[in-house]
Amino acid sequence: MEFQNTLNVLNEYGKLFVEEYKQQLINNDVNASNKLYDSVTLLPIKVNNNFYEVQISLEEYWKYVEKGRLPGKWPPISKIKEWIEIKPVLPRPMKNGKLPTTQQLAFLIARKIGLNGIKPRQLLQYSVEEIWKIMKEELETALALDVQNEIKTIMGKMRG
């Protein structure tokens with residue numbers, strides 16, 4: 001049993017979600033390398049025993065954007081260097097008046113993250129909530145129509 005109306009709405013929901021999330025990445029300046037943005041992909045809807053699952057594919061570091069990072073462990077300095085070069089980050093002079101090298105700047109940023117962590121941005125959660133507001137009624141209608149159609153099919157089989 002496959003609820004086609006429900007499946008169609010969930011596909012539309014997924015497409016709208018991908019668009020919204022990508023827009024949130026742009027609006028919140030979480031788009032330095034475009035890796036996360038470019039990785040946001042809607043996967044085919046999974047249907048298992050009347051359970052429908054909308055999935056997206058993302059770069060693994062999405063969780064640090066979404067959930068932040070607690071103080072403690074330093075992030076990899078090599079990744080911070082890449083980010084500095086892509087962003088680009090303009091360094092301020094150090095106490096001695098000299099500008100830090102990329103390596104020094106990466107070290108300083110990694111240390112700050114290690115000491116203070118990174119605040120969560122929850123752009124994924126925000127996107128889910130915004131699209132749910134738009135799609136909720138449409139999904140309810142599609143599901144109701146699919147259930148009615150299924151009941152008619154069952155009743156037809158019982159009569160025939």
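**Notebook: aromatic pairs, charges and helices**

I looked up Phe 17 and recorded it as buried, with a relative accessible area of 6%. The cut-offs I use are under 20% relative accessible area for buried, over 50% for exposed and partly exposed in between, with a 1.4 Å probe and protein chains only. I note that this is a predicted model, in which local features need pLDDT of at least 70, side-chain atom pairs count only at pLDDT 80 or more, and totals for chains, interfaces and linings use all residues. Residues are numbered from 1 along each chain as its sequence is written, and side-chain values use heavy atoms, with hydrogens and water left out.

**Entry on aromatic rings**

I searched the whole structure and found three aromatic pairs. Rings of Phe, Tyr and Trp (its six-membered ring) pair if their centres lie within 6.5 Å; planes under 30 degrees apart are stacked, over 60 edge-to-face, and the rest tilted. Phe 17 and Tyr 21 form a stacked pair, because their ring centres are 6.0 Å apart and their planes at 5°. Both residues belong to helix α1, where four residues, or about one helical turn, separate them. Helices (H or I, at least four residues) and strands (E, at least two) are DSSP runs, numbered from the N terminus. Tyr 21 is buried, at 0% relative accessibility.

I then turned to Trp 74 and Phe 107, whose ring centres are 5.0 Å apart with planes at 65°, so this pair is edge-to-face. The pair links distant parts of the chain, 33 residues apart: Trp 74 is in the loop between α3 and α4, and Phe 107 is in helix α5. Trp 74 is partly exposed at 34%, and Phe 107 is partly exposed at 36%.

**Entry on charges**

Which ring lies under the charged end of Lys 22? I found the ring of Tyr 37, with its centre 4.8 Å from that charged end. Arg 69 lies over the face of Tyr 64, 5.4 Å from the ring centre. A charge counts as over a ring if NZ of Lys or CZ of Arg is within 6 Å of the ring centre and within 35 degrees of the ring normal.

I found four salt bridges in the whole structure; each needs a side-chain nitrogen of Lys or Arg within 4 Å of a carboxyl oxygen of Asp or Glu. One of them joins Asp 29 and Lys 87 at 2.8 Å, N to O. Asp 29 lies in the loop between α1 and α2 and Lys 87 in the loop between α4 and α5, so the pair ties together parts 58 residues apart in sequence. Asp 29 is exposed at 52%, whereas Lys 87 is partly exposed at 27%. Lys 35 and Glu 82 also meet in a salt bridge, at 4.0 Å, N to O. That pair links helix α2 to helix α4, across 47 residues.

Buried residues in α5, including Leu 105 and Ile 109, pack against α4, where contact means heavy atoms within 4.5 Å.

I located a kink of about 50° in α6, centred on Met 135; the bend at a residue is the angle between axes fitted to the seven residues ending there and the seven starting there. Met 135 is among the buried residues of α6.
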